[in-house]
Amino acid sequence: MKLKTLTYGLMATALTAMPALANKADVINNYADIAVASYGDSLSSAKILQTAINALIASPSADNLEAAKAAWLSSRVPYQQTEVFRFGNAIVDDWEGKVNAWPLDEGLIDYVDASYGGATDENGRTSTEQAAFDTLEIDSASDHAAIKRQYRKLAKMYHPDANPGDPDAAERFYQVQTAYELLREKNA
């Protein structure tokens, strides 16, 4: 009898100690509040980053560069915390990877100082040249004739006339064309 009484007593205690369940509207409102706060933090740090970039552009210096780097690193944390609130937005997902690809190889930006991205110890090619070989799916030791043959093969395969209405093929064609032009200039 004492065991039964003890069991009922423990059950009564457990039932009265249970927290009240939140209703659906409260959960949604709380989640929305967290999202708004997260995006607010992200926006604030982005504004600080923009100020640091503006200062660097207005007055290039080692100190301003370091300040911009620090602001960029600081802005990444709140931005990354907002990623959880994305639910497969097709409008954003179509282009977001092209904008938000980290880390960025500065050697692939066309306005970086020419002294950046010199030859590597591995193959004597710059990072830009190696990327062009990779795009053409050819060995970096290939001669000009082999590069030209591979370019023609890929250009024919991905040409917009051969793939009407295919944006992926058009993008690939553009990449192949750009890679070939770079290598043609380097090997001319």
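Visitor: What makes a residue buried, exposed or partly exposed here?
Guide: Buried means under 20% relative accessible area, exposed means over 50%, and partly exposed is in between. Keep in mind that this is a predicted model.

Visitor: Why is Glu66 called partly exposed?
Guide: Glu66 has a relative accessible area of 46%.

Visitor: What makes Glu137 and Arg172 a salt bridge?
Guide: Here the N to O distance is 2.8 Å, and the rule asks for within 4 Å. This pair links distant parts of the chain: Glu137 sits in the loop between helix H5 and helix H6, and Arg172 in helix H7, 35 residues apart.

Visitor: Why does Arg172 count as buried?
Guide: Arg172 has 15% relative accessibility; buried means under 20%, so Arg172 is buried.

Visitor: Why is the aromatic pair of Tyr151 and Tyr180 called stacked?
Guide: The search comes to one aromatic pair. In it, the rings of Tyr151 and Tyr180 are 4.1 Å apart centre to centre, with 10° between the planes. Pairing needs centres within 6.5 Å, and stacking needs planes under 30 degrees apart, so the pair is stacked. Tyr151 lies in helix H6 and Tyr180 in helix H7, so the pair ties together parts 29 residues apart in sequence.

Conventions: Residues numbered from 1 in each chain as written. Predicted model: local features only at pLDDT ≥ 70, side-chain atom pairs only at ≥ 80, totals over all residues. Heavy atoms only, no water. Buried < 20%, exposed > 50% of the residue type's maximum accessible area, 1.4 Å probe, protein only. Salt bridge = Lys/Arg side-chain N within 4 Å of Asp/Glu carboxyl O. Helix = DSSP H or I, 4+ residues; strand = E, 2+ residues; numbered from the N terminus. Phe/Tyr/Trp six-rings, centres within 6.5 Å; stacked < 30°, edge-to-face > 60°.
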